[in-house]
Structures are given as structure tokens and as C-alpha cells.
Amino acid sequence: EFGVAVFVTNQVVANPDGMSFAKDSTKPIGGNIVAHASTTRLRLRKGRGENRIMTVYDSPTLAEADAQFAISASGVCDATE
């Protein structure tokens with residue numbers, strides 16, 4: 001309606017119920033409150049060096065996908081090898 005994006009952050013914790021060999025053993029602590037209040041949820045994690053990986057975690061309009069980028073002294077830029 002107003003064309004404004006709102007960025008909300010959330011913390012993750014280790015999931016003791018998850019198996020130790022699982023790909024992702026973390027879960028967001030915001031639970032259903034944050035999940036239902038958000039249209040699109042993204043997961044950010046550290047890659048190699050200055051690279052970061054963003055994963056579309058939950059979205060009604062976007063398919064699950066990964067995107068890599070880097071954070072440098074000049075700001076956000078393309079991922080480095």
C-alpha cells in the first residue's frame with residue numbers, strides 16, 4: 001500500500017532435536033510470530049572470506065534459491081572466488 005520495505009532480524013539457536021549430521025541444525029527463535037508476520041524470510045550465513053550466502057527461506061512469490069555476495073570496504077559487491 002505504501003511501497004515501504006521493512007527489514008526485521010531474528011536470532012537462530014542450535015536445534016537439539018536435530019540430528020548432528022543434518023545440513024542445518026539451527027532454527028529461528030522468533031517462532032510462528034515472526035514467521036506469520038513476514039512475507040518473505042531470508043537466511044544469511046557466512047561463506048568463505050568476505051563472502052556471504054543468502055537463501056530464500058520462505059516466500060509466497062520466490063522459489064528457494066541461494067545468492068552469493070561479498071562485503072568489502074566499499075560496501076556490498078559481487079562474491080569473490
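Strands (E, at least two residues) and helices (H or I, at least four) are DSSP runs, numbered from the N terminus. The model is predicted: local features need pLDDT of at least 70, side-chain atom pairs count only at pLDDT 80 or more, and totals for chains, interfaces and linings use all residues. Residues are numbered from 1 along each chain as its sequence is written, and side-chain values use heavy atoms, with hydrogens and water left out.

The segment before strand S1 (12–14) contains Val-4. Val-4 is exposed, at a relative accessible area of 67%. The classes are buried (under 20% relative accessible area), exposed (over 50%) and partly exposed (in between), with a 1.4 Å probe and protein chains only. Together with Phe-2, Val-6 and Val-8, Val-4 forms a nonpolar patch on the surface. The accessible area of this patch is about 510 Å². Areas come from the Shrake-Rupley method with a 1.4 Å probe, and for residues only the protein chains shown count as cover. Patch members have over 30% relative accessible area and no salt bridge; nonpolar side chains (Val, Leu, Ile, Met, Phe, Trp, Tyr) are joined within 5 Å, like charges within 9 Å.

Four strands make an open sheet in the order S3-S4-S5-S6, with antiparallel pairing. S3 and strand S6 (75–78) stand at the edges, each with a single partner strand, so one side of each lacks a neighbour in the sheet. From one strand to the next, the twist averages 40°. Axes are lines fitted to C-alpha atoms, for helices over the stretch in contact; angles run from 0 to 180 degrees between N-to-C directions.

Strands count as paired if DSSP finds at least two bridges between them. Six bridges link S3 and S4 in the antiparallel sense. Within this pair, Leu-42 stands opposite Val-56 in S4. The hairpin of S3 and S4 has four residues between the strands, and there Gly-49 takes a positive phi near 60°. S4 and S5 run antiparallel and are joined by five bridges. Thr-55 has Asp-66 in S5 as its bridge partner. Strand S5 (residues 66–72) pairs with S6 over four bridges, again in the antiparallel sense. Here Ile-71 stands opposite Val-76 in S6.

A salt bridge is a side-chain nitrogen of Lys or Arg within 4 Å of a carboxyl oxygen of Asp or Glu. By this rule, the count is one. The side chains involved are those of Arg-41 and Asp-58, at 3.5 Å from N to O. Arg-41 belongs to strand S3 (residues 41–46) and Asp-58 to strand S4 (residues 51–58), so the pair ties together parts 17 residues apart in sequence. Asp-58 is partly exposed, at 35% relative accessibility.
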